[in-house]
Amino acid sequence: MTIDTEHDADTDLEGEFDDRSVSLFEGDEGGLEYAQRHALVTLLRQRFISSRTHPRDWRILVEHERVLRSRLNDVFLDLAVDRVREVAWKRQAVSETGSKFPTLLYDAAWSREETLVLVHLRDRLRAGHAGGDGKTYVDREDLVEYVASFRPAHATDAAGDERRARNAVAGVVKSGLLIGSVGDDRYEISEAVEPLLPLELLRELLEALRAANDASAGRGELDEERELFGYANEGADDETGGTDA
C-alpha cells in the first residue's frame, strides 16, 4: 500500500529559502516564513492536515497556530484543531449576527454511497480504538460489500450500484479520510474521520439519506437502517467538529 503524504512539486523549493526569511520573491509584502506559508496553503488546498499525512505542516501549525489562524480569519475562515487526534481543518466562520460571510469553500454534499462508507469508517475506527489498535485498517471490498448491504430489494441495476459503490470508496480516498491510493486493496482509516464527521453531522447525513430513500423504501426498512447506522444508540455523544464538504 502506498501512502500519499505531502510530497508535492512545491515542496522541492523548501531548501532554496532561509527559514527565517519572509521575503521570498521580488515585491513580496508577506509576513510569513516559507514553512508557515506552505502550511497555510496546505490548509487551504486540503480538506484537513494531520500529523500522519502532513507531518511537517502539522508541526508548523502547532508551533505557529495563532498566526495561521489569523491568516485564515482574514478570509472568513476558522481553524479547528484536535490535538488529541492531531488533526486540523478549516471551516467557514460564523457571524455573531447570523449574516453570511463571503466564502472560499465549495460546499459539496456526500453522495448516498459515500455517506454509507463514512458511517462504516467511523464505526470501524471506534471499534479499533476500543480494541486498543494504534491504527485501523479496512479492505476496499469490505466497504463495497457494506454499501451493497443497503441496496434496496427492488433495485435491478447491480452493475451500476457496484460502480457507484467503488466510486464512493475512491472519492473518500481522494478526500484523505482513507489513507492510501485509489487502486489499493486495503486502507488505513484516518484519525480525521471522527473530528471531521462528528455524530451530529452523520445524523444529518443519515436523515438526508433516509429522506432520499423514503419514496422507495417502507418504514420497516428505514427503521432497520436506523439500527444499522447506530443512530439510536449514541444519543449521549457530545462531540463537535465540522467539515467543508
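The structure is a predicted model, in which local features need pLDDT of at least 70 and side-chain atom pairs count only at pLDDT 80 or more, whereas totals for chains, interfaces and linings use all residues. Residues are numbered from 1 along each chain as its sequence is written, and side-chain values use heavy atoms, with hydrogens and water left out.

Asp-157 is placed in the loop between α5 (140-148) and α6 (158-175), helices (H or I, at least four residues) and strands (E, at least two) being DSSP runs numbered from the N terminus. When residues up to four places away in sequence are not counted, Asp-157 is in contact (heavy atoms within 4.5 Å) with Arg-151 and Arg-164. A polar atom of the Asp-157 side chain also lies 3.0 Å from the backbone nitrogen of Gly-160.

Thr-53, located in the loop between β1 (49-50) and α2 (55-63), counts as buried because its relative accessibility is 5%. Its side chain makes polar contacts (pairs of N or O atoms within 3.5 Å, one able to donate a hydrogen and the other to accept it, with residues adjacent in sequence counting only if both atoms are side-chain atoms) with the side chain of Ser-50 at 2.9 Å and with that of His-54 at 2.9 Å.

For the protein as a whole, nine helices and six strands are assigned, and buried residues make up 41% of the 245 residues.

Technical notes. Buried means under 20% relative accessible area, exposed over 50%, partly exposed in between (1.4 Å probe, protein chains only).
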